[in-house]
Amino acid sequence: MTWALPPGEAVLETLKFAVVAAYLFVLPGYALLGAFGWNGSRDPLERIGLAASVSVALYPLLLLWSHTLGGPSLDGLVATPAVLVAFRCVQRLRAGPPVPSAPTRDGRGFPGLAAAAVVGLLLFSRWEAIRGMLAPAWGDSLQHSMIVQLLLEHGSLFASWRPYAPLETLSYHFGFHGCAALWAIATGQEAPLAVLEAGQALNVLAVLALFPLAKRLCGDDPRAGLAAVVF
């Protein structure tokens, strides 16, 4: 096996990848879940899975509302996680210290150290698979990169595809592309590399999002969530 980077630098690059993914795709959902009163499981994998699901669902709505109502551009939307976390902190300060209450669930969860190992293995496997690549290598990567580039150039949703294609409408899904455009802004990457990296980050979170679903379907058993993630 040959390393594209020395092991030390490879670890730092993986950590950077994890930090950006957590900022963009975990923190917003985590803050929103808390703001709306969710005090569910303390299981870390369940919380990450739910927070990621809410975060990724939020960005297409923000893009659509911003474009329709004349809100902030993509450069402004990249601050969404920080704004929501700040709002949640203010909300908690105003509410005062939490009132102790009896747990509503049986408390079974996946141990924190084991959860960290699962997340670490997912991050490493996804990041190592693209290390050294400069652009995605799949058949439709050109189209995805072009849409992300147009989002970056327009700062929002767009109608005209010029100068890349003679089209004047946007009838294509833009959820993933919006996430990749925000990744490009947050990291300073070009559109093709942002498509590659954001895609791998969402791949990690898509696997973790299976955990809370499988756990709930199987009587709140964390072993079922783990099995879903492993498979």
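This is a predicted model: local features need pLDDT of at least 70, side-chain atom pairs count only at pLDDT 80 or more; totals for chains, interfaces and linings use all residues.

Let's start with the core. The largest nonpolar core has 57 residues. Which of them touch the most other members? They are Leu-24, Phe-25, Trp-183 and Leu-208. Several helices give two or more residues to this core, including α1, α3, α8 and α9. The largest share, twelve residues, comes from α9.

Next, Trp-183. Leave aside its neighbours within four places in sequence. Trp-183 is then in contact with Phe-17, Val-20, Leu-24 and Ala-201, among others.

Now the helix crossing. The axes of α3 and α8 come within 9 Å and cross at roughly 90°. The two helices are therefore roughly perpendicular to each other. On the α3 side, the contact uses Val-56, Tyr-59, Pro-60 and Leu-63. On the α8 side, we have Gly-175, Gly-178, Cys-179 and Leu-182. Six of these residues are nonpolar, two are polar and none is charged.

Last, the rings. The structure holds five aromatic pairs. In one, Phe-25 and Tyr-59 sit edge-to-face, 6.3 Å centre to centre, with 80° between the planes. Phe-25 is in α1 and Tyr-59 in α3, 34 residues apart. Both are buried.

Why is the pair of Phe-25 and Trp-183 called stacked? Their planes are at 20° and their centres 6.0 Å apart, so the pair counts as stacked. Phe-25 lies in α1 and Trp-183 in α8, so this pair ties together parts 158 residues apart in sequence. Both of these residues are buried, too.

Finally, Phe-17, Phe-25, Tyr-59, Trp-127 and Trp-183 form one aromatic cluster.

Methods:
Residues are numbered from 1 along each chain as its sequence is written. Side-chain values use heavy atoms; hydrogens and water are left out. A nonpolar core is a set of buried Ala, Val, Leu, Ile, Met, Phe, Trp, Tyr and Cys residues joined through side-chain atoms within 4.5 Å. Buried means under 20% relative accessible area, exposed over 50%, partly exposed in between (1.4 Å probe, protein chains only). Helices (H or I, at least four residues) and strands (E, at least two) are DSSP runs, numbered from the N terminus. Contact means heavy atoms within 4.5 Å. Axes are lines fitted to C-alpha atoms, for helices over the stretch in contact, and angles run from 0 to 180 degrees between N-to-C directions. Angles under 35 degrees count as roughly parallel, over 145 as roughly antiparallel, 65 to 115 as roughly perpendicular and the rest as oblique. Ala, Val, Leu, Ile, Met, Phe, Trp, Tyr, Cys and Pro count as nonpolar, Asp, Glu, Lys and Arg as charged, and the others, Gly among them, as polar. Rings of Phe, Tyr and Trp (its six-membered ring) pair if their centres lie within 6.5 Å; planes under 30 degrees apart count as stacked, over 60 as edge-to-face and the rest as tilted.
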